[in-house]
Amino acid sequence: MESSQFISYAHQELARKRIIKYASQYKDVNMAKLIGADEDHFPFIVDDGSTVSVCFWNPYSGIMMHLDEDQVREHATLEYLREHTYPIFSSFKAAENHSAKREWPRKNQLTE
């Protein structure tokens with residue numbers, strides 16, 4: 001989801017200080033909703049210590065990575081998810097185990 005009210009920094013290499021500075025344009029924005037979270041797309045983070053990924057739980061497909069080519073929006077999204085206590089897992093396997101243990105919903109596309 002893209003909004004014309006935000007400046008896009010897609011495909012740009014920026015220094016970390018600039019990323020943090022430019023991410024302030026997303027202050028007070030529900031970043032989960034902005035990237036498409038809804039009842040069928042629940043966001044969470046996988047942080048294995050070297051790579052951090054924003055992911056969604058999708059009842060039809062399971063775990064799906066959210067790819068964002070705008071590193072400013074990605075930074076704002078990660079900060080939002082952390083600040084609003086969305087789940088953070090140390091690996092995709094840990095996220096899979098959590099989803100199975102918590103019986104995160106699964107839907108069959110053929111019967112929906």
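Start by selecting Ser-53, which lies in strand E2; helices (H or I, at least four residues) and strands (E, at least two) are DSSP runs, numbered from the N terminus. This is a predicted model, in which local features need pLDDT of at least 70, side-chain atom pairs count only at pLDDT 80 or more, and totals for chains, interfaces and linings use all residues. Residues are numbered from 1 along each chain as its sequence is written, and side-chain values use heavy atoms, leaving out hydrogens and water.

Ser-53 counts as buried because its relative accessibility is 8% (buried is under 20% relative accessible area, 1.4 Å probe, protein chains only). Show its contacts (heavy atoms within 4.5 Å): not counting residues up to four places away in sequence, Ser-53 touches Phe-44, Ile-45, Val-46, Met-65 and Phe-92.

Next, display the sheet. Its four strands form an open sheet in the order E3-E2-E1-E4, with mixed pairing (two strands pair if DSSP finds at least two bridges between them). Strands E3 (62-66) and E4 (88-89) stand at the edges with a single partner strand each, so one side of each has no neighbour in the sheet. E2 (residues 52-58) and E3 run antiparallel, joined by five bridges. Select Cys-55 to find Met-65 of E3 opposite.

Now select the largest nonpolar core, with 19 residues; such a core is a set of buried Ala, Val, Leu, Ile, Met, Phe, Trp, Tyr and Cys residues joined through side-chain atoms within 4.5 Å. H3 gives the most to this core, five residues. Finish at a second, separate core of seven residues, including Val-46, Cys-55, Phe-89 and Ala-95.

Terms used:
Buried means under 20% relative accessible area, exposed over 50%, partly exposed in between (1.4 Å probe, protein chains only).
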